[in-house]
Amino acid sequence: QVQLVESGGGLVQTGGSLRLSCAASGSIFSINTMGWYRQAPGKQRELVATIPSQGITNYADSVKGRFTISRDNAKNTVYLQMNSLKPEDTAVYSCYVRCLVATLPMRSLEVWGQGTLVTVSL
């Protein structure tokens, strides 16, 4: 009913930048929270950043000041601008959306993207 398409991952050198995008489509009535999580090899998935429909964005301490999350509500798209990348940022980054689905009855749905690999080399 709701699909997420991520793009923007890749290989970058330490200190470089990447911009991730995630577009949601399908039977969406409204989107509440959008965000990004990541999972490094051998580690648990962790929150990177979230952005509500209204309110304050939330960042992991490890990315504050380097990453910026934003969203375009008209396009149902969330972005993650990643600057000053470090090798420890290497992970699979997954998009997350919590939305109301335009079905009867209307219901809340949490959707995850398939993930995009970000590799930061020395």
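## Close-up views of a predicted model

**View 1. Tyr37 is buried, and Tyr96 is too.** Buried here means under 20% relative accessible area, exposed means over 50%, and partly exposed is what lies in between (1.4 Å probe, protein chains only). This is a predicted model, so to speak of local features we need pLDDT of at least 70, and side-chain atom pairs count only at pLDDT 80 or more, while totals for chains, interfaces and linings use all residues. Residues are numbered from 1 along each chain as its sequence is written, and side-chain values use heavy atoms, with hydrogens and water left out.

**View 2. Tyr37, Tyr96 and Trp112 are linked into a cluster by ring pairs.** Rings of Phe, Tyr and Trp (its six-membered ring) pair if their centres lie within 6.5 Å; planes under 30 degrees apart are called stacked, over 60 edge-to-face, and the rest tilted. Under that rule there are three aromatic pairs. One of them joins Tyr37 and Tyr96 edge-to-face, at 5.9 Å centre to centre and with 70° between the planes. Tyr37 sits in strand β4 (residues 28–39) and Tyr96 in strand β9, so this pair ties together parts 59 residues apart in sequence. Strands are DSSP runs (E, at least two residues), numbered from the N terminus. The rings of Tyr37 and Trp112 have centres 5.0 Å apart and planes at 65°, so this pair is edge-to-face. With Tyr37 in strand β4 and Trp112 in strand β10, the pair ties together parts that are 75 residues apart in sequence. Tyr37 counts as buried because its relative accessibility is 18%, and Trp112 counts as partly exposed because its value is 33%.

**View 3. Two arginines put their charged ends over aromatic rings.** The cut-offs: NZ of Lys or CZ of Arg has to be within 6 Å of the ring centre and within 35 degrees of the ring normal. Arg45 has its charged end over the ring of Trp112, 3.8 Å from the centre. Arg19 does likewise with Tyr79, at 4.1 Å from the ring centre.

**View 4. Cys22 and Cys95 form a disulfide.** A disulfide is a pair of cysteine sulfur atoms within 2.5 Å, and the structure holds one. The two sulfurs are 2.1 Å apart, and the angle of -85° about the S-S bond makes the link left-handed. It connects distant parts of the chain, with Cys22 in strand β3 (residues 18–26) and Cys95 in strand β9 (residues 91–101), 73 residues apart. Cys99 is in no disulfide; its nearest cysteine sulfur, in Cys95, is 11 Å away. Cys22 is buried at 0% relative accessibility, Cys95 is buried at 0%, and Cys99 is buried at 2%.

**View 5. The largest nonpolar core has 34 residues.** Such a core is a set of buried Ala, Val, Leu, Ile, Met, Phe, Trp, Tyr and Cys residues joined through side-chain atoms within 4.5 Å. Trp36, Leu80, Met82 and Tyr93 have the most contacts inside it. Strand β9 gives the most to this core, with six residues.

View 6. Most residues other than glycine have a negative phi, and most peptide bonds are trans. Asn76 is partly exposed at 25% relative accessibility, and Ser84 is partly exposed at 42%.

Methods
Helices (H or I, at least four residues) and strands (E, at least two) are DSSP runs, numbered from the N terminus.
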